Amino acid sequence: VTVKTFVLSLGAALGLMFVFAGNSGAADAWYASTCNQNFVQGEWWRTLLYLACCVFVLGQYRLPIAQYWRALIVQLVAYEVQYGVFNRMGQFHVKDHLDTATSNIVGAASGVVVAALISLLVSVSGDFFRTRLLQESARNNNRLGNFYFQFLCMAKKAVYFFGIGRQSDIMKFEVEKKLKDMRTELKDPNHPRDKIDFPKNEEDAIIDAIIGTQDINMWSILMPAGYQLV
C-alpha cells in the first residue's frame, strides 16, 4: 500500500507539472478552487458514498461478497472516528497539521480494535458451528445452542436468497441433522447401522465447513480499512 500510494502521488505530481508547465501560481489557483474543498461536509450521503467506495476496494481484495460485512464495519468505524477527530481538532490546529496526524492514528487504532473484536466473534461462531456440525460436544445441543444454530441457518438462507451465497452453505445445515441421526443410530445396538458415510457432495460440504470455520486472519478485514484511510 505504501509503495502504491507513493507511485500514485509521484505520478499525480508529474502530471500536474507537465499540465501547468511549471507555473506554480496557476497550479496553486487550480488547487484552491478545485481540491481544497470538503464537498461531503454536512451531507447526508457522506457515509453512503464512503461505503460505496469501500465496496470497490473490497472487490480489489477478492473478498467473498458474503463476508463484506466484516470489513465494512471496520472501514466504517475507522473512517467515522478519523472524520470526527479531524473535524474537532481542525478548529484548533490549523497550521501544525496535528489534526491530520492525530485523526489518522486514532482512526487506525479504532480499526484495529474493531477488527480484533469481529475476528474473535467470527472465530467463536465458527468453532460453535464446526462443533455442532460434527456433533463433537453435547453442550451445543441445548436451547441456546439450538437457537443460535437456527439463527445461523436463517442468516445463510437469507444470504443465499439474495444470490450472494452458495448452495453448499445450505447443505451444511442439512448434513448436520443427517449426521446427528446417523450418530444416534450408530450408538443404538438394535440398529443395523455400522458406519457413517455420506455421498460425495455432502462429504465435500463437511470438508468445506471445517475449512471455512477456521480462525480468520485479522489482517484480512483490517487491511482494506488501512488502505482506505491512506
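Which residues do ring pairs link into a cluster? They are Tyr50, Tyr79 and Tyr83, and the views below start with them. This is a predicted model, where local features need pLDDT of at least 70, side-chain atom pairs count only at pLDDT 80 or more, and totals for chains, interfaces and linings use all residues. Residues are numbered from 1 along each chain as its sequence is written, and side-chain values use heavy atoms, leaving out hydrogens and water.

**View 1. Tyr50 and Tyr79 make a stacked pair.** Their ring centres sit 3.8 Å apart with planes at 10° (rings of Phe, Tyr and Trp, the last by its six-membered ring, pair if their centres lie within 6.5 Å; planes under 30 degrees apart are stacked, over 60 edge-to-face, the rest tilted). Tyr50 belongs to helix α3 and Tyr79 to helix α4, 29 residues apart (helices are DSSP runs of H or I, at least four residues, numbered from the N terminus). Tyr50 is buried at 12% relative accessibility and Tyr79 at 10% (buried means under 20% relative accessible area, exposed over 50%, partly exposed in between, with a 1.4 Å probe and protein chains only).

**View 2. Tyr79 and Tyr83 make a tilted pair.** Here the centres are 5.8 Å apart and the planes at 40°. Arg46 lies over the face of Tyr83, 3.9 Å from the ring centre (CZ of Arg or NZ of Lys must be within 6 Å of the ring centre and within 35 degrees of the ring normal).

**View 3. Thr184 is found in helix α7.** Thr184 is exposed, at 52% relative accessible area. Its C-alpha atom is 64 Å from that of Phe39.

Note on methods. Helix = DSSP H or I, 4+ residues; strand = E, 2+ residues; numbered from the N terminus.
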